[in-house]
Amino acid sequence: MLIRYKKTFEKIAMGLLSFMPNEKDLKKLQQTMKLYETERHMQLFLWKEEEDIIGLVGVSFTEDTMELLHVSVNPSHRQQGIGKAMIKALQDMYPEKIMTPAEETEAFLHRCQTNETGKGSV
């Protein structure tokens, strides 16, 4: 289930974000978290299964798009379709928005859309 980020989840969100290649540096990670907490157009969502938060997805909204900035799944839960499920849940939450990838998420989003439709449509 996709839930909105709250400050009480900061440590787990930072842990999950740190799996992203460009978020390994602590200062960079702290800056990214601050952006999600202060910028109205940016939103972080967490993926919760039972009592555990095992993934996150971060987006930046414009009037008609949502740019996929971050996707991360706990390594012990990878290869189970959680990333794809997070993308689908996000698209279901905002059906009026067109999802576009950031440079870091382009390959992942392309794979999700290719698997879903049989052809790439980024």
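**Entry 1: Q113**

I started with Q113, which sits in helix α4, residues 106-117. This is a predicted model, so everything I note here is computed from predicted coordinates. Is Q113 buried or exposed? Its relative accessibility is 10%, so I put Q113 down as buried, the cut-off being under 20%.

**Entry 2: S60**

Next I went to S60, which I found in strand β3. S60 has a relative accessibility of 11% and therefore counts as buried too. What does S60 touch once I leave aside its neighbours within four places in sequence? My list reads H41, M42, T65, M66, E67 and L69.

**Entry 3: α1 against α2**

Then I turned to the helix pair. Two packed helices are described by the angle between their axes and the distance between the axes, and I looked up both. Helix α1 covers residues 10-17 and helix α2 covers residues 26-38; the angle comes out at about 125° and the axes lie 10 Å apart. Because of that angle, I call α1 oblique to α2. The crossing of α1 past α2 is right-handed.

Which residues make the contact? From α1 I wrote down E10, A13, M14 and L17. On the α2 side they meet L26, L29, Q30, T32, M33 and E37. Sorted by class, the contact has six nonpolar residues, two polar and two charged.

**Entry 4: the buried side of α1**

I stayed with α1 and asked which of its residues are buried. They are A13, M14, L16 and L17. Around the axis they span an arc of only 165°, so they lie on the same side of α1. What covers them? The cover includes α2, and also strands β2 (42-49), β3 (52-61) and β4 (65-73).

I went through backbone angles after that. Most residues other than glycine have a negative phi, so I looked up the exceptions with some care.

E50 is one of them: its phi is positive, about 55°, and it is not a glycine. Where is E50? I found E50 in the loop between β2 and β3. With a relative accessible area of 76%, E50 is exposed. I also took the separation of E50 and R78, which are 28 residues apart along the chain; their C-alpha atoms are 17 Å from each other.

Q79 is another non-glycine residue with a positive phi, near 65°. Q79 lies in the loop between β4 and α3, the latter being residues 82-93. Buried or exposed, I asked of Q79? Exposed, since its relative accessible area is 83% and the cut-off is over 50%.

**Entry 5: T8**

Last I looked at T8, which belongs to the loop between β1 (2-4) and α1. T8 has a relative accessibility of 70% and so counts as exposed. How far is T8 from L35 in space? C-alpha to C-alpha I have 16 Å, for a pair 27 residues apart in sequence.

Key
Residues numbered from 1 in each chain as written. Predicted model: local features only at pLDDT ≥ 70, side-chain atom pairs only at ≥ 80, totals over all residues. Heavy atoms only, no water. Axes fitted to C-alpha atoms, helices over the stretch in contact; angles between N-to-C directions. Helix = DSSP H or I, 4+ residues; strand = E, 2+ residues; numbered from the N terminus. Parallel < 35°, antiparallel > 145°, perpendicular 65-115°, else oblique. Left-handed = near helix turned anticlockwise from the far one by under 90°. Contact = heavy atoms within 4.5 Å. Nonpolar A, V, L, I, M, F, W, Y, C, P; charged D, E, K, R; others polar. Buried < 20%, exposed > 50% of the residue type's maximum accessible area, 1.4 Å probe, protein only. Arc of directions from axis to C-beta.
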